[in-house]
Structures are given as C-alpha cells and as structure tokens.
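User: Could you take me through some of the labels used for aromatic rings here? I'd like to see each value set against its cut-off.

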Amino acid sequence: MSRKNCGACIPTKKSNERGDLAAESPAAVAHAPEEDGLVWQARRLRLNTLVGLRWLAVGGQTLAILVSYFGLGLDFPIVPCVALVAASALLNLALRWRFPRSERLNERGATILLAYDILQLAGLLFLTGGVVNPFAILFLAPVAVAAASLEWRQTLGLLALAVICATLLTHWSLGLPSIGGENLSLPPIYLVGLWSALIISAAFVTFSAHRVAAEAERTASALAATELALARAQHLSQLDGLAAAAAHELSTPLATIALVVRELAAQPALGEGSSDDLELLEQSVDRCRSILAKLSAPRELSSQALGFSSPLELAETAAAPHRLLGVSITVEGEGPEPAPKCPHNPSVLSALGNLIENAVGFAEGAVTIRASWTKSTVGLVIADDGPGFPPDILARIGEPYLSQPDGARRTQDPGGGLGLGLFIANIFIRRSGGALLFENAKPPAKGAIVTIQWPRRAYEQGPGPASSA
C-alpha cells in the first residue's frame with residue numbers, strides 16, 4: 001500500500017446517513033422558536049377554564065333569579081330569564097361532550113364563546129332593567145378574560161361588543177322591577193353616570209389585564225430562553241470534561257503506537273511503499289497528539305488570539321488539514337477591499353474544521369468553500385457534491401445526539417458518531433457572534449450546503465463574553 005492510495009483507505013462517513021453530526025439553524029439560534037411557541041401555547045385559554053367560569057355564572061344567575069322572584073317578590077319575566085340561563089348550561093354540556101378537558105381554544109373559538117357570554121348577559125339585563133341593574137358590572141368579566149388570553153385585535157372587538165350592548169341597554173330595556181310591583185325610575189343624569197362608569201371600567205380593566213398578561217408572557221419567554229441557554233452551557237461544560245478525559249486516556253495508546261511505528265521504520269528490510277505508509281501513520285499520530293494537547297489545554301490558553309486573518313485566509317487555514325483525504329477542496333473569496341480581519345481563535349478554527357470534515361466525508365469528489373464579505377456582513381459557504389442531508393435530519397438539525405433513525409443507526413453502525421461534532425461547531429460559531437444555516441442544493445444540483453454568517457463588527461471583534469452561548 002503506497003501513500004498515494006491513502007486517501008481511499010482513511011475511514012470516512014460516506015456509508016452513514018448524512019446528519020450524524022448536526023447543528024442548529026439560524027432561525028433556532030436567533031429566535032429560539034420552541035420558547036415562543038410553548039409560551040404562547042400556555043397562554044391560550046383552556047376550554048375547561050371557560051366552561052368552569054360559565055358554570056359559576058349559571059349558578060349565580062340562577063340563584064339571583066330565584067331569590068329576586070320568589071324571595072323578594074320582584075316582578076320580571078322569569079321564563080325568558082330562565083331560558084337564557086338554561087341555554088348557557090346546555091352550551092356547557094355540549095362543549096363537555098364534544099371536546100376533552102385539556103382542549104385549548106384557538107383565537108376564533110375563544111372569541112366566539114366570550115362573545116356569547118356578553119350577549120347572554122346583555123339579554124338578561126334587557127329583561128331586568130338594563131344598565132340600572134347592579135349586575136351590569138359583570139360585563140367586565142368576559143372582557144377581562146379576553147384581555148388576559150387573546151390577541152389585541154380580538155380583545156378590542158369584544159370590548160367594542162360590550163360597549164355597544166351597554167349603550168343599547170341605556171335606551172332599550174324593560175324597567176327595573178322593585179318591591180311592590182312599581183318600576184324604579186332614575187334620572188337621566190344618573191343613567192349617563194352609570195353608563196360612563198361601566199364603559200370606563202371596562203376599558204381600564206381591558207388595558208390593565210392585557211398589559212399584565214403581556215408582561216407575564218415576556219417574563220415567561222425570557223425564563224424559557226434562560227433555561228435553554230443554561231442547559232446548553234451545562235451540556236458544553238460536560239463535553240469539555242469528556243474531552244479532557246478522552247485526551248488523558250488516549251495519550252498512552254498513542255505513545256505506544258508512535259513507538260511501534262518508529263521501530264518498524266528503523267528496520268532496513270522495509271519496501272518503499274511500506275516506508276511511505278509508516279511515515280503517513282507517524283504524521284497521523286503526531287496530529288492526534290496535537291489535537292489531544294488542545295483538548296487538555298486550559299480554557300484560557302485555548303482562547304488566546306493567534307494573529308488576524310481575512311475570511312479567505314481563515315477558510316484556507318481550516319481546510320489545510322483535510323486536503324489529504326482524497327477529495328478536492330477549492331477555496332474562493334470575493335468582496336470589497338479592505339477585507340475584514342478577525343482574531344485567530346482555535347474554537348472558530350475547530351468549528352470550521354468540523355464543518356469541512358463533515359463535507360469531505362460525504363462528498364463524491366469535491367468540496368467548495370466560498371468566502372464573501374460586504375460592509376456589514378461576512379459569510380462562508382461550504383458546499384459538497386454528496387447526497388445531501390436527508391429531510392428528516394434537516395427537520396431536527398441542532399440536536400446534539402442526532403442519529404438516524406435513532407435506534408437503526410446504532411444497529412447499522414455501532415461505532416458511528418453521536419452528532420456532537422456539528423453541535424460543538426454550532427456552539428463555537430454562536431460564541432463568535434455568527435449563525436449557521438443547513439440546506440440542500442436545489443435540483444438538478446446535489447449536495448449539502450452549510451452557510452455561516454457573521455455581522456462584520458462581530459467578525460472583526462472576535463469571540464467575547466457578549467457572544468457566548
């Protein structure tokens with residue numbers, strides 16, 4: 001076996017499904033999608049809550065009707081009032097039968113049910129004195145619930161409906177019954193005062209409840225983002241410990257391999273091909289030792305700046321160790337002069353190395369790295385001509401222990417990666433202020449495309465505390 005054939009003999013990941021090493025998309029990095037979605041899902045009104053509140057209203061309305069009519073002797077149309085209360089009870093029973101208790105209402109469903117509550121209350125007030133009835137204050141209940149659980153547009157719509165109902169009830173309603181059978185007549189100025197107080201109270205409760213709910217949502221979103229960041233930081237800390245332990249454990253067998261290689265190379269009976277192979281093996285052992293030394297080095301030393309480089313120089317440096325793997329690597333660059341310069345940092349180089357290694361491992365024959373920059377951004381695009389990412393991997397990119405398909409991957413290739421390489425690369429890129437995008441080339445082209453993009457200011461400043469994950 002000669003050196004010129006070594007590229008075909010080095011194990012690659014071509015036999016594995018693409019995506020064993022996966023990282024996060026920029027959308028996930030920038031917006032943390034799952035956090036906003038879970039917070040909003042939690043804010044949506046539960047049907048069980050609304051049904052429970054309506055049962056409470058049904059009980060209170062029934063008690064008020066019975067006490068007023070039979071206990072106080074007030075004269076009002078009791079049959080229509082009981083029919084309206086019974087309609088709410090039947091609606092609750094229908095909802096219980098149709099939907100599970102855990103059902104969360106969408107915007108439209110919640111708005112319709114709350115609008116029904118406002119109209120049902122308006123019907124009862126129409127039969128019992130309009131806004132003069134002390135129970136007109138209950139208009140605030142469905143409006144407050146809407147402000148705490150619905151979007152601003154739906155909340156304002158329900159507030160407008162309550163205002164319209166209250167306004168109509170000041171002009172059209174049956175008289176307020178009183179003891180003795182005579183209807184109570186109030187001065188117009190008092191009616192205007194009641195209407196104004198009701199409208200102002202409804203508006204105040206709406207804006208206050210919506211403001212408090214929005215603040216609670218922002219707080220919950222911030223807490224969710226903080227917990228996610230802490231979990232990722234803890235995961236990375238654990239990986240640091242594993243890397244240091246692996247470096248310590250591997251140092252002894254590497255020393256043994258190096259010793260055996262030197263002894264074999266010293267034997268005079270070796271052929272030219274065997275000598276080349278041993279030389280290559282010795283170089284590989286030296287490279288492994290260098291990598292292990294970086295893993296076991298203190299964090300302070302691993303983050304020291306080693307000079308400055310342009311995007312093109314950075315790509316060339318990261319690609320250099322992978323040019324002997326039997327795949328052509330082309331580095332291109334374009335942009336206005338002067339090119340941005342970033343502090344050389346081992347973590348960024350390690351991230352780029354992982355990305356390039358992944359591309360080389362799956363490429364059919366060529367990998368292209370394109371560096372570009374403008375006055376505001378700096379980008380690197382790593383493209384290969386391999387099979388590309390499977391759709392199911394693209395959908396889950398960013399999971400540190402991503403494998404295909406979870407159980408089957410280990411069955412087919414027990415020694416395969418666990419998806420940590422690109423996960424760590426993503427962490428390092430984020431620490432430098434950048435973002436990653438993973439996609440496939442559009443047909444008829446083939447292959448995977450990884451795009452890294454930094455704001456130019458973040459690229460020139462290099463990693464710092466503000467950009468840490």
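User: What makes F389 buried?

Analyst: F389 has a relative accessible area of 3%, and buried means under 20%, with exposed over 50% and partly exposed in between (1.4 Å probe, protein chains only). F389 therefore counts as buried. Do keep in mind that this is a predicted model, where local features need pLDDT of at least 70, side-chain atom pairs count only at pLDDT 80 or more, and totals for chains, interfaces and linings use all residues. Residues are numbered from 1 along each chain as its sequence is written, and side-chain values use heavy atoms, leaving out hydrogens and water.

User: And F438, buried or exposed?

Analyst: Buried, because its relative accessibility is 7%.

User: How many aromatic pairs does the structure hold?

Analyst: Five. Rings of Phe, Tyr and Trp (its six-membered ring) pair if their centres lie within 6.5 Å; planes under 30 degrees apart are stacked, over 60 edge-to-face and the rest tilted.

User: What makes W152 partly exposed?

Analyst: W152 has 30% relative accessibility, so it falls in the partly exposed class. F207 is partly exposed too, at 45%.
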